[in-house]
Amino acid sequence: VDPVLEVTNLNVHYDTGHGPAKAVNDVSISLKPGERLGLIGESGSGKTTMATALMRLTRPPGRIASGSVMLDGKDIMAMSARELRETRLRDIALIPQGAMSSLNPVMRLEEQIIDAIVAHTSGMKRAALNARVEELLTNVGLAAEVARRFPHELSGGMKQRAAMAIATSLSPKVIVADEPTSALDVVVQRQVMQTLGRLQDGLGAAVVLIGHDMGLVAQFADRVGVMYAGKIVEIGPVRQMIEAPRHPYTRLLVDSLPGIKVKQALIGIPGLPPPLVNLPPGCSFSPRCPFAFERCKNEVPQPQEVGDRQQAACHLYPEHSALPPMPVGPND
Ligand code: SF4
């Protein structure tokens with residue numbers, strides 16, 4: 001099956017007084033129709049920059065420096081403004097972080113959904129539009145009467161559902177969900193994720209789910225990519241990533257999941273991600289990596305196959321066939 005979304009060597013830079021900050025650094029990913037890919041990372045790892053770049057919504061001081069984003073064989077980066085307007089929402093849609101920013105505070109929900117539909121389709125009568133609004137709201141678990149409300153009359157979870165209704169109003173092939181539950185409490189988070197799962201099933205759309213919570217993302221995704229300092233350091237089927245992570249950073253993320261029995265002493269993830277304007281030479285994770293050796297400080301590791309459909313960018317491979325046991329911390 002041909003990929004519905006194929007990102008190749010994407011680079012997004014933020015221009016700063018000290019040179020470009022490489023927020024997305026040579027990232028390549030590919031998604032099949034109907035696939036669920038999770039992208040996780042700490043704040044500053046480049047995951048939200050990635051989400052906006054997939055939609056070509058990068059704003060100054062950010063800029064897409066190079067790379068292609070092929071959506072069903074068409075390069076989003078090469079589209080005219082008109083093609084781009086037609087493509088967004090119809091073929092690829094974003095569920096943004098914090099739905100409030102995507103909802104118009106002075107418009108009732110039904111008008112916002114209808115506006116989105118009529119911007120892309122013509123000839124629909126008002127009755128058909130009203131019926132479509134009701135169907136979209138039902139799909140996201142909202143009552144039909146919610147259509148008459150303004151955004152400030154909705155709870156956080158309802159706003160996020162409303163944003164999902166708008167994002168799916170034209171049945172896109174790809175949905176990019178950027179931390180869709182970050183502002184919600186745990187119970188509502190789970191409900192909203194279940195709704196996203198149902199929507200995805202119904203539409204058969206591919207989903208890129210961006211998040212910082214490995215547990216939440218892993219429950220949803222088929223495959224997970226781990227981002228660190230603008231790069232995908234490991235990607236693979238979700239089960240392998242949890243049971244047999246190969247990159248030391250993935251291991252540390254998995255060990256910090258609640259409910260995971262850590263056999264070695266948990267050493268946490270000391271330190272902070274590096275400044276993106278001044279990446280360390282070699283592997284960006286080397287200042288925090290318990291396995292770092294000389295080569296890591298000089299040579300950038302390239303992604304390589306480390307298991308079935310699993311790739312990691314780490315100099316431990318191919319010498320090792322699995323990640324060696326974690327060294328214990330100084331106090332253990
Ligand atoms: Fe650690 Fe070296 Fe692998 Fe980077 S390349 S993750 S520093 S072992």
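View 1. Cys283, Ser286, Cys289, Cys296 and Cys314 come nearest among the 13 residues around the ligand, where a residue counts as near if its C-beta atom, placed from the backbone, lies within 6 Å. The shell around the ligand is made up of 10 nonpolar, 3 polar and no charged residues. Ala, Val, Leu, Ile, Met, Phe, Trp, Tyr, Cys and Pro count as nonpolar, Asp, Glu, Lys and Arg as charged, and the others, Gly among them, as polar. The model is predicted: local features need pLDDT of at least 70, side-chain atom pairs count only at pLDDT 80 or more, and totals for chains, interfaces and linings use all residues. Residues are numbered from 1 along each chain as its sequence is written.

**View 2. The two domains.** Domain 1 covers 5–221 and domain 2 covers 227–312, with bounds from an automatic or database domain assignment. Their C-alpha centres are 27 Å apart.

**View 3. The side of domain 1 that touches domain 2.** In domain 1, 23 residues are in contact with 16 residues of domain 2 (C-beta atoms, placed from the backbone, within 7 Å). Strand 2 (19–31), strand 3 (36–40) and helix 7 (214–220) each give at least two residues to this side of domain 1; strand 2 has the largest share, 9 residues. Helices (H or I, at least four residues) and strands (E, at least two) are DSSP runs, numbered from the N terminus. By class, this side holds 10 nonpolar, 9 polar and 4 charged residues.

View 4. An unreviewed UniProt entry lists residues 5–254 as "domain: ABC transporter"; positions follow the numbering used here, feature names are shortened, and annotations may be inferred rather than shown by experiment. Residues 5–254 are 36% helix and 28% strand, with end C-alpha atoms 27 Å apart.

How values were computed: Two residues are in contact if their C-beta atoms, placed from the backbone, lie within 7 Å.
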